[in-house]
Amino acid sequence: MPTVKVLARGQLTIPAALRKELHLEEETSLNVVKVGDALILTAKRLTGDRLAKKAEKEMKRAGLSLDDLLKDLEKQRERYVRERYGR
């Protein structure tokens, strides 16, 4: 059974093998639950964060920047207004 030390400011390091097995990446949020004299950590998966990371990865793969997306959004808005309101 792995053991860890609590460091300054309450920090601890989860062993790499466990992080890999549980798919805990950098910046993963964890819930901490006290049960008697024990602490239980559970992964708190944030959908918005995962979605943002996935979108960022896909944008990089496609060679797109945030500016590219915003420019296209503006074009789509203009097209929508023309189609909807005839302007």
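Reply: β2 contributes most to the lining of the largest pocket, with four residues (strands are DSSP runs of E, at least two residues, and helices runs of H or I, at least four, numbered from the N terminus). β1 (29-35) and β2 (38-44) are the elements that give two or more residues to the lining of the largest pocket. The model is predicted: local features need pLDDT of at least 70 and side-chain atom pairs pLDDT 80 or more, while totals for chains, interfaces and linings use all residues. Residues are numbered from 1 along each chain as its sequence is written, and side-chain values use heavy atoms, without hydrogens and water.

In total, 18 residues line the largest pocket, and Val4, Leu12, Ile14, Leu39 and Leu41 lie nearest its centre. A pocket here is an open set of points on a 1 Å grid over the protein atoms alone, where a 1.4 Å probe fits, with protein on both sides within 12 Å along at least five of seven lines; lining residues have an atom within 4 Å of a point. The volume of the largest pocket is about 460 Å³, taken as the space filled by probe spheres set on the points, which are joined across faces, edges and corners.

Leu12 belongs to the segment before α1 (16-21). Leu12 is called partly exposed because its relative accessible area is 39% (buried is under 20%, exposed over 50%, partly exposed in between, with a 1.4 Å probe and protein chains only). Lys5 is also found in the segment before α1, and its relative accessible area of 68% makes Lys5 exposed.
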